[in-house]
Amino acid sequence: MKKITVLTILALTVSCFTVIAQKQNKKMKKVLFVVTSHDQLGNTGEKTGFWTEELAAPYYALLDKGIVIDIASPKGGQPPIDPKSSDPSSATEDTKRFDADKELQEKLKHTHKLSTVNQADYDAVFYPGGHGPLWDLAEDKNSIDLIESFYTHKKPVAFVCHAPGALKNVKVNGEFLVKGKKVTGFTNTEEEAVGLSKVVPFLLEDELKKNGASFSKTDNWKAYAVEDGLLITGQNPASSKLVAEKLLAQLNSKK
């Protein structure tokens, strides 16, 4: 009888711990990062991809607060990194951490294919920039549908630098998602400063304005982020953490 009692107590204890663990897992917020698969900088013969700082800074800002993060790209697998973002002159504490982070490097080698992910599995989506998104994510149907799905299910959608280019063809109820919304992104003057105004397929600032957005900005290279409901956008690499902070605040406000 005693043996049965002990076994019963052990079974109940294990059951309690399982329920607690399940409740804790349910409370953990999960964010999808979507990066470009495009590696050609127009007809320049140079390489592009995602900008390291724009992935690293938000990634660690969220990860360090207990957010679970998956990464996806149009083609899946290893996404291209803009070689200029690996230059020592662009280094930050976050990019140095990124360079030494074997777990994240391994995760990047096996990004999920965008066509296989479902917004129902996540609480928010975040798009790092780099010039790559202007070519692929701006036109990618899976990305367009995914952003619309997150937004219509009342989940935050966040973008930084060139990543708001992924909003170019996103519509909700027949209207451009950005119409009437306050947004920012890589500016015309910043594009001119890097000498790529004639190389990119479209100027981000102009495209967002054309689609009805209320575009605002600060001086070149200074941190600036705008929040309009579920839509969060940042102007440039320096704005990455600001976007992450606004996204984190929205995630924390949801039970």
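Accessible areas here come from the Shrake-Rupley method with a 1.4 Å probe, and for single residues only the protein chains shown count as cover. With that in hand, the chain's accessible surface comes to about 12,600 Å², and 54% of that belongs to carbon and sulfur atoms. Keep in mind that this is a predicted model: local features need pLDDT of at least 70, side-chain atom pairs count only at pLDDT 80 or more, and totals for chains, interfaces and linings use all residues. Residues are numbered from 1 along each chain as its sequence is written, and side-chain values use heavy atoms, with hydrogens and water left out.

Let's start with the whole chain. You'll find eight helices and 11 strands in it; these are DSSP runs numbered from the N terminus, with at least four residues of H or I for a helix and at least two of E for a strand.

Strands of a sheet pair through backbone hydrogen bonds, either parallel or antiparallel. In this chain, seven strands line up as β3-β2-β1-β4-β5-β11-β10, making an open sheet with mixed pairing. At its edges sit β3 and β10 (225–228), each pairing on one side only. Two strands count as paired if DSSP finds at least two bridges between them; β1 (residues 30–34) and β4 have three, in the parallel sense. Within this pair, Val31 stands opposite Ala124 in β4.

Next, the helices. Helix α2 (residues 52–63) lies across β1, β2 (68–73), β4 and β5 (157–160), and runs at about 175 degrees to β1. Axes are lines fitted to C-alpha atoms, for helices over the stretch in contact, and angles run from 0 to 180 degrees between N-to-C directions. The axes of α2 and helix α3 (residues 93–100) come within 8 Å and cross at roughly 85 degrees. The contact (heavy atoms within 4.5 Å) involves residues including Tyr60 of α2 and Phe98 of α3.

Finally, zoom in on Gln119, in the loop between β3 (112–113) and β4 (124–127). Is Gln119 buried or exposed? Its relative accessibility is 6%, so Gln119 counts as buried. Beyond its neighbours within four places in sequence, Gln119 is in contact with Leu146, Ser149, Phe150, His153 and Lys155. With His153, the side chain of Gln119 also makes a polar contact of 3.3 Å. That term covers a pair of N or O atoms within 3.5 Å; within protein, one must be able to donate a hydrogen and the other to accept it, and residues adjacent in sequence count only if both atoms are side-chain atoms.

Conventions: Buried < 20%, exposed > 50% of the residue type's maximum accessible area, 1.4 Å probe, protein only.
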